[in-house]
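Subject: Structure handover

Hello,

Here is the structure for your set.

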Amino acid sequence: MFGIPGKAPVTLTPAARAQIVRLMTKDGAYGLRLGVKKGGCAGMEYTMEIVPAAQPMDEVIEDGEARVMIAPMAQMFLFGTEIDFQTSLLEQGFKFNNPNVAEACGCGESISFKNQPAG
């Protein structure tokens, strides 16, 4: 992982940590795997899936009982990201406070990254 010794590559807010633990418990899963893929109007989208095991090259982050894996291709894009879980009257979901994002689309589900290679 692209990292700084002693600093977690991503951090979880208490709300995100609690939601990940709920999902892990409900599904009997190992943790939440994060990635990025091409798509959306801004060029890239986050991916998330509850998984039974980590992949060999995943970066595994444990925060209390919550476990997050970062897919190899996403590691450089997610470094320094704070993951939150927010609930409002109309929606709920994970929110990524990512310092590597250059721009996001209006719906907030598609992003482009600083210094992203042209694809």
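Predicted model: local features only at pLDDT ≥ 70, side-chain atom pairs only at ≥ 80, totals over all residues.

Residues are numbered from 1 along each chain as its sequence is written, and side-chain values use heavy atoms, with hydrogens and water left out.

Salt bridges

Side chains of opposite charge can pair when their charged atoms come close. The criterion for a salt bridge is a side-chain nitrogen of Lys or Arg within 4 Å of a carboxyl oxygen of Asp or Glu.

D63 and R17 form a salt bridge at 2.9 Å, N to O. This pair links distant parts of the chain, since D63 lies in strand β4 (residues 59-63) and R17 in helix α1 (residues 14-27), 46 residues apart. Helices (H or I, at least four residues) and strands (E, at least two) are DSSP runs, numbered from the N terminus. R17 counts as partly exposed because its relative accessibility is 25%, and D63, at 23%, is also partly exposed.

E45 and K37 are joined by a salt bridge at 3.9 Å, N to O. E45 has 22% relative accessibility and so is partly exposed; K37, at 44%, is partly exposed as well.

E62 and R67 form a salt bridge at 3.0 Å, N to O. With a relative accessible area of 55%, E62 is exposed.

The sheet

Strands of a sheet pair through backbone hydrogen bonds, either parallel or antiparallel. Two strands are taken as paired if DSSP finds at least two bridges between them. An open sheet is formed by 3 strands in the order β1-β6-β7, with mixed pairing. β1 (10-12) and β7 (92-97) are at the edges with a single partner strand each, so one side of each has no neighbour in the sheet. On average, neighbouring strands are turned by 25 degrees against each other, direction ignored. Axes are lines fitted to C-alpha atoms, for helices over the stretch in contact, and angles run from 0 to 180 degrees between N-to-C directions.

Strand β6 (residues 81-87) runs antiparallel to β7, and 6 bridges join the two. F85 stands opposite F94 in β7. Helix α1 packs on this sheet, touching β1, β6 and β7, where contact means heavy atoms within 4.5 Å. The direction of α1 makes about 75 degrees with that of β6.

Regards

Definitions and conventions. Buried < 20%, exposed > 50% of the residue type's maximum accessible area, 1.4 Å probe, protein only.
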